Amino acid sequence: MRALARIDAGAIARNTARMARAADGAAVCAVVKSDGYGHGALTAARAVHDGGATWLAVAAAAEARMLRDAGIDARVLVMGALDPEELAVALEAGADVVAWTSEFLEALPGDARVHVKLDSGMGRLGTRDPELATQLVEAAGDRLAGLMTHFATADELQDTFMDEQLRRFVAWVTPLRERFPDAVVHAANSAATLRDPATHFDMVRPGIALYGMDPFGEDPFARELEPALTLLTKVLAVKDVAPGESAGYGRRFVAPAATRLATLPIGYGDGWRRALTNNADVLIGGRRFPLVGTVSMDNITVDVGLESAVAVGDEAVLIGAQGPERILAEEVAKRLDTINYEVSCALTPRVVRA
Ligand SMILES: Cc1ncc(COP(=O)(O)O)c(C=O)c1O
């Protein structure tokens, strides 16, 4: 074993149940795109079912196809834009799709299920024009399955743009709800689900929270979420270094004093980003040690000092808990000046999921 992503399916199920409680009666559509935010889409799909999710959402037709091929029979929504070839794959997989143009709607067969998307301010997918959106709803006929939008700033608690988007969506959707009572109305991502019950409608679409990461980028435990990912590896070598000796490409660590370095078989080829050079901690034996030197494609080095008993074969945790210590994906994200989503999605297929 080089690097292992140990996934706690029970935690994903409990996080799903926690989001279902927050949704307070609204259905849960669990977002499992990008291989379940790096956790494994199939593991996630099964776990969220155990936690009470009744729908799954993905971005790409191929992701829906993969779920079906593995025997997942939940309702699946493909949220992304689809070219004709991808649309055929999505429909063949029995997935619902999203429409915001007449051309796309006209290409849908009579037995398709479609969700019409209003762009209430995300500025990405969906139509900005509520009148066109209403025309699409009317033209969808029996194919109409849902009415949706997506928030741009739900995770920014001090920002009020979510309220503005909600206002625009409510103005559009309220009369349609009366005319099309069977259409499922949905808008809320994880942050919106936790932040404002007015965003829940018939169904919520959480992703990040299901994996036990904080949609607000801080502390998952404060949101009653349990991290589901432990990223670990093993010490493969330990060596003494004298003052002035260096480790890694570019000699970006030069020992100021005698110390001991542990080499760990994980690198940017596994998704442990090079920007973590001299910029991360690693847990070994329940203690934090600094990653020193350049992150290379396949290895990193950790300064374990002369006093520790770190030895070849010891387990090393890069994300997760060991003894009294814990490194959150949120901590790694802050060091990288990014978001927790990117930390787990960055893990490459070389990291064994177990
Ligand atoms: C349209 C849509 N809905 C819901 C989600 C889930 O968002 P989150 O992971 O922030 O809960 C996403 C993810 O980016 C999305 O693109």
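I will start with a term: a residue is buried if its relative accessible area is under 20%, exposed if over 50%, and partly exposed in between, using a 1.4 Å probe and protein chains only. By that count, buried residues make up 53% of the 354 residues in this protein.

Now, where this comes from. This is a predicted model, in which local features need pLDDT of at least 70, side-chain atom pairs count only at pLDDT 80 or more, and totals for chains, interfaces and linings use all residues. Residues are numbered from 1 along each chain as its sequence is written, and side-chain values use heavy atoms, with hydrogens and water left out.

The overall picture next. The protein has 11 helices and 20 strands; these are DSSP runs, helices being H or I with at least four residues and strands E with at least two, numbered from the N terminus. Along the principal axes, the C-alpha atoms fill a box of roughly 75 × 40 × 35 Å. The accessible surface is about 14900 Å², and carbon and sulfur atoms hold 51% of that; the areas come from the Shrake-Rupley method with a 1.4 Å probe. Contact means heavy atoms within 4.5 Å. Of the contacts with a separation of 6 or more, 64% are between residues 24 or more positions apart.

On to one helix pair. How are α7 and α8 packed? Helix α7, residues 130–140, and helix α8, residues 161–179, pack at an angle of about 15°, with axes 11 Å apart. The axes are lines fitted to C-alpha atoms over the stretch in contact, and the angle runs from 0 to 180 degrees between N-to-C directions. The pair counts as roughly parallel, because the cut-off for that is an angle under 35 degrees. From α7 the contact uses P130, A133, T134, V137 and E138, and from α8 it uses W172, L176 and R179. Those residues divide into five nonpolar, one polar and two charged.

Last, some backbone angles. D35 is not a glycine, yet has a positive phi of about 50°. D35 sits in helix α2, residues 33–37, and is partly exposed at 37% relative accessible area. N278, also not a glycine, has a positive phi of about 50°. Where is N278 found? N278 is in the loop between β14, 259–264, and β15, 281–284. N278 counts as partly exposed, at 37% relative accessibility.

How values were computed
Parallel < 35°, antiparallel > 145°, perpendicular 65-115°, else oblique. Nonpolar A, V, L, I, M, F, W, Y, C, P; charged D, E, K, R; others polar.
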